Amino acid sequence: MSLVGREVVLGVGGGIAAYKSCELLRRLQDRGYKVTVVPTPSSLNFVGKATWEALSGRPVNTQVWENVHTVPHVKIADTADFFLIAPATADLIARLATGRADDLLTNLVLASDVPKMLVPAMHPSMWLDPATVTNVQTLRDRGFIVMEPEVGRLTGNDIGPGRFPEVPRIIKSFDDVTGNIQDLVGRRVLVTAGGTREAIDPVRFIGNKSSGKQGVAIALAARNRGAQVHLIAANFETSHLDGIEVSKVESAADMHAVLLEQFPQCDVLIMSAAVADAKPKSLSLDKIKKALLGSIELEENPDLLGSLMSIKKNQVVIGFAAETKDHLQEARRKLEAKGLDLIYVNDVSGGAIFGQEQTMGTILLRNDADIAVKEVSKDALGNLLLDHAIRQLG
Ligand code: CTP
């Protein structure tokens, strides 16, 4: 399952604790989750649709009868990575346990097989009632994660189990469900991504096939693990990257300038960008006529990674290589020549890997055996590289 830009359905049941889920929504967004709020109709008595729409920045529906042409219960279910239902009332738990589908939220739960966590909140007698106890057990048996409510004072003067847990406790349990590890808090991760373009004239350039997907996956994985992330993005769309500082660049020279400025402050540099090896010797200010395009004189670009080695302190530096032959020998040569701690190499014969969601290749380390990476998502590779970086940071 993708850990990047994870889509969460925040289901809200009709209990007074619904207002606490406004804070929960904010904290989920802070952690990079994309959240669609699906309240039950009765919960709107506590928190209205307008509040959820304003906080989530997304449309909010309670029934399958709204926007029918978009088939909302299938569409939202298809894109969701996780469900978090908070508060889960006794009635909502009963409806879920019996497989009812009488509002949008219960339809979605039935239509989706992703992990689902429930945060019950209700009066202690309702929580301890044998009907609720059985329903909770049924849901747990089906794989739902049902949190234990806290013991304490309820809305009236009664005391007992049934209180909505504090938001940080809910987030902690939800992280366990989603596999969200926060092991990069306080670390700065610098990532380059995309392919540089070297201008020939005002309309033409020398470029390459890099889509930026791998670098974006690494940046998001680092952000999701708590790092402060700076992404140097060469020629791709970045508007969806919340919580990441982005420098947009075009050429290798632009990328070099940002790298020199950012590298001294970072703990980890992951250089996934495809840097053009050469650029036109001179840039024509006018569009070159086709009759004059027979040849373009090129000059080599500087090796950006190589140029950072003289200012390298304790940073962990990871490079990428895309090769069409002798890929392991070539990668080892680059690992050593560029003074890298790790290099990930993939075989791109026939244009494989570029623009795709999956990758496969080999991780080469300085003093360790090579690690083969079988077909994995680009965000899984991002997490794997970050695991190595953390190990080397100590
Ligand atoms: N790289 C760099 N500066 C360049 C070219 C590449 O910093 N001018 C980085 C890439 O971002 C990548 C690593 O070096 O992390 C290897 O890139 P690659 O293009 O495979 O290496 P080159 O040095 O260009 O080697 P060759 O042209 O011989 O394949």
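Author: What follows sets some computed values against the definitions behind them. This is a predicted model, in which local features need pLDDT of at least 70 and side-chain atom pairs count only at pLDDT 80 or more, while totals for chains, interfaces and linings use all residues. Residues are numbered from 1 along each chain as its sequence is written, and side-chain values use heavy atoms, with hydrogens and water left out.

Reader: Why is H3 called oblique to H5?

Author: The axes of helix H3 (residues 72-79) and helix H5 (residues 104-111) cross at roughly 50° and come within 9 Å. Angles under 35 degrees count as roughly parallel, over 145 as roughly antiparallel, 65 to 115 as roughly perpendicular and the rest as oblique, so H3 is oblique to H5.

Reader: Which residues of H3 and H5 make the contact?

Author: With contact meaning heavy atoms within 4.5 Å, H3 contributes Pro 72, His 73, Ile 76 and Ala 77, and H5 contributes Leu 104, Asn 107, Leu 108 and Ala 111.

Reader: What is the omega of the cis peptide bond between Ala 86 and Pro 87?

Author: Omega is about -5° for that cis bond, and Pro 87 belongs to strand E3 (residues 82-88).

Note on methods:
Axes fitted to C-alpha atoms, helices over the stretch in contact; angles between N-to-C directions. Helix = DSSP H or I, 4+ residues; strand = E, 2+ residues; numbered from the N terminus.
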